[in-house]
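Please open the structure in a viewer and keep the selection panel at hand.

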Amino acid sequence: MSTATSTETKELAPVSTESLAALLVAEERPQRPSSLSTSLTFGWRAMLKIKHVPEQLFDVTAFPIMNLLMFTYLFGGALAGSPTDYIQFVLPGILVMSVVMITMYTGVSVNIDIEKGVFDRFRSLPIWRPSAMVGYLLGDALRYTIASVIMLAMGLLLGYRPDGGFPGVVAGIALLLVFSFAFSWIWTMFGLLLRTEKSVMSVSMMVIFPLTFLSNVFVDPRTMPGWLQAFVNNSPVTHLASAVRGLMAGDWPAVDIMWTLGWAAALVLVFGPVTMRLYNRK
């Protein structure tokens with residue numbers, strides 16, 4: 001009886017701290033996830049939000065279609081003689097405007113997660129720090145693609161005919177996605193900097209509205225006053241709209257493409273580090 005009790009006592013004896021530490025060290029730990037895998041995971045999280053809250057797709061479906069119909073049939077006859085002629089010019093421009101305008105929702109999503117405390121959990125994870133930001137941008141890239149496809153489908157029904165064919169359309173959309181990805185870094189910065197989502201939306205609209213309307217999205221800048229042409233001709237939205245319009249028309253506007261890629265690189269180089277610094281200090 002005493003032998004059995006002695007054996008049980010030995011089995012139930014507490015493990016020393018040194019033994020426990022040695023056991024934990026001896027165990028093989030899982031490898032740290034790569035920056036690509038964590039970014040894709042956060043991108044998938046952003047897409048799941050669309051699945052569970054499909055109402056947020058309203059801005060990439062109804063809003064672009066409404067803009068296209070209004071501008072084509074309200075101004076088409078006055079500006080180009082007929083809506084069919086005008087849509088050949090205005091559809092790529094409205095496509096650019098619609099996608100650029102919805103980039104602000106990246107900053108809104110970031111701000112909402114900060115207010116809910118979700119970012120506190122993200123920062124405690126052993127992952128690549130920028131992956132949460134990149135994931136937001138990757139998820140929103142899907143929204144930009146959906147908006148582009150819907151706009152082009154509606155345009156084809158209204159009479160738009162891209163002379164560049166399928167390759168030209170794909171090249172134009174790809175360039176638009178690259179620029180929008182870079183442009184979204186501005187709103188992620190504001191999402192971290194401002195206190196509420198309404199503030200993010202207000203500041204975003206104050207920047208986006210003048211930038212998109214003071215461009216060649218709707219009309220040729222040659223009809224504008226000289227002082228206004230100087231601004232419009234050097235606007236990043238003008239270069240983007242001209243590049244997308246040219247690619248879809250079957251041309252190769254090399255100058256506008258280079259300007260657009262240059263603007264995209266500059267936006268990432270400037271606002272990317274600033275955003276990450278704010279994120280690390282948040």
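**First stop: a buried residue**

Select Asn67, which counts as buried because its relative accessibility is 5% (buried means under 20% relative accessible area, exposed over 50%, and partly exposed in between, with a 1.4 Å probe and protein chains only). The model is a predicted one, in which local features need pLDDT of at least 70 and side-chain atom pairs count only at pLDDT 80 or more, while totals for chains, interfaces and linings use all residues. Residues are numbered from 1 along each chain as its sequence is written, and side-chain values use heavy atoms, with hydrogens and water left out.

Asn67 has its place in helix H4 (helices are DSSP runs of H or I with at least four residues, numbered from the N terminus). Display the surroundings of Asn67: apart from neighbours within four places in sequence, Asn67 is in contact with Ile94, Met97 and Ser98 (contact means heavy atoms within 4.5 Å).

**Second stop: the rest of H4**

Next, select residues 58-80, the extent of H4, and look at Leu74, where a kink of about 40 degrees is centred (the bend at a residue is the angle between axes fitted to the seven residues ending there and the seven starting there). Colour the buried residues of H4, among them Val60, Pro64, Leu68 and Phe71. The buried residues of this helix pack against H5 (83-102), H6 (104-116), H8 (131-158) and H10 (197-213). Following H4 is Gly81, with a positive phi near 95 degrees.

Leaving aside neighbours within four places in sequence, Phe63 touches Phe58 and Met101.

Now select H12 (residues 236-248) and H13 (residues 254-281), which pack at an angle of about 135 degrees with their axes 8 Å apart (axes are lines fitted to C-alpha atoms, for helices over the stretch in contact, and angles run from 0 to 180 degrees between N-to-C directions). The two helices are therefore oblique to each other (angles under 35 degrees count as roughly parallel, over 145 as roughly antiparallel, 65 to 115 as roughly perpendicular and the rest as oblique).

To finish, show the side chains where H12 meets H13, including Pro236, His239 and Leu247 in H12 and Asp256, Trp259 and Trp263 in H13.
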